[in-house]
Amino acid sequence: MLEQDIVFWYWWVLAVGFLALEIVVTGFFFLWLAVSAFIVGAVVLLVPATPFNVQLLMFSLLAVLSVLGWRKYARTRAVDATDHPLLNQRGAQYIGRTFFLIAPIENGQGKIKADDTVWKVHGEDSPLGAKVKVVAVKGTVFEVEVCE
């Protein structure tokens, strides 16, 4: 293909191809390549005499800058912040709460009822009905301390 054969809509077809890849592949990488190809196509539409090597250089620079710019922007806008940080950590939601034993703690093991669930607990031996405070969670077992 000769340099004179490159027209703006070739870049736009490439941009649509990158958008199609973005739909299939995750990560917002091909989106920025598509944006770069679209911009180069617009420049070639406005200035049709743009040499092919300049078009490639523009595409390369725009692609690198847009991907790096997105990565920097994404890092500053962390999605980790939430108003419910323990939403999917059910056991951790009980840390600090107090409950009464429904099975005495014997040999370090007992049971409490927290909301609608019976949980196994580890802690100091205590009688049935003793008040305990959840201090940690290890898997599905609560570590408890006896409340005075």
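Which residue in E2 is the bridge partner of Ala 103? In this predicted model, the partner is Lys 111 of strand E2.

An annotation in the unreviewed UniProt entry, "domain: NfeD-like C-terminal", covers residues 92-145.

## The annotated transmembrane spans

The unreviewed UniProt entry also carries the annotation "transmembrane region", which it assigns to residues 6-24 and 52-70. In the model, residues 6-24 are 89% helix and 0% strand, with end C-alpha atoms that lie 27 Å apart. Residues 52-70 are 100% helix and 0% strand, and the end C-alpha atoms of that span lie 27 Å apart.

## Packing of H1 against H2

Helix H1, made of residues 8-24, packs with helix H2, made of residues 29-46, at an angle of about 170°, and their axes are 8 Å apart. Because angles over 145 degrees count as roughly antiparallel, H1 is described as roughly antiparallel to H2. On the H1 side the contact residues include Phe 8, Trp 11, Trp 12, Phe 18 and Glu 22, while on the H2 side they include Phe 29, Phe 30, Ala 34, Phe 38, Gly 41 and Leu 45. Sorted by class, the contact of H1 with H2 comprises 19 nonpolar residues, one polar residue and one charged residue.

Side chains of opposite charge can pair when their charged atoms come close. The structure holds two salt bridges, and one of them is formed by the side chains of Asp 116 and Arg 90, with a distance of 3.0 Å from N to O.

Where do Asp 116 and Arg 90 lie? Asp 116 is in the loop between E2 and strand E3 (117-122), whereas Arg 90 is in the loop between helix H3 (52-76) and E1, so the pair ties together parts that are 26 residues apart in sequence.

Conventions: Residues numbered from 1 in each chain as written. Predicted model: local features only at pLDDT ≥ 70, side-chain atom pairs only at ≥ 80, totals over all residues. Heavy atoms only, no water. Pairing = 2+ DSSP bridges. Helix = DSSP H or I, 4+ residues; strand = E, 2+ residues; numbered from the N terminus. UniProt positions renumbered as here; feature names shortened; annotations may be inferred. Axes fitted to C-alpha atoms, helices over the stretch in contact; angles between N-to-C directions. Parallel < 35°, antiparallel > 145°, perpendicular 65-115°, else oblique. Contact = heavy atoms within 4.5 Å. Nonpolar A, V, L, I, M, F, W, Y, C, P; charged D, E, K, R; others polar. Salt bridge = Lys/Arg side-chain N within 4 Å of Asp/Glu carboxyl O.
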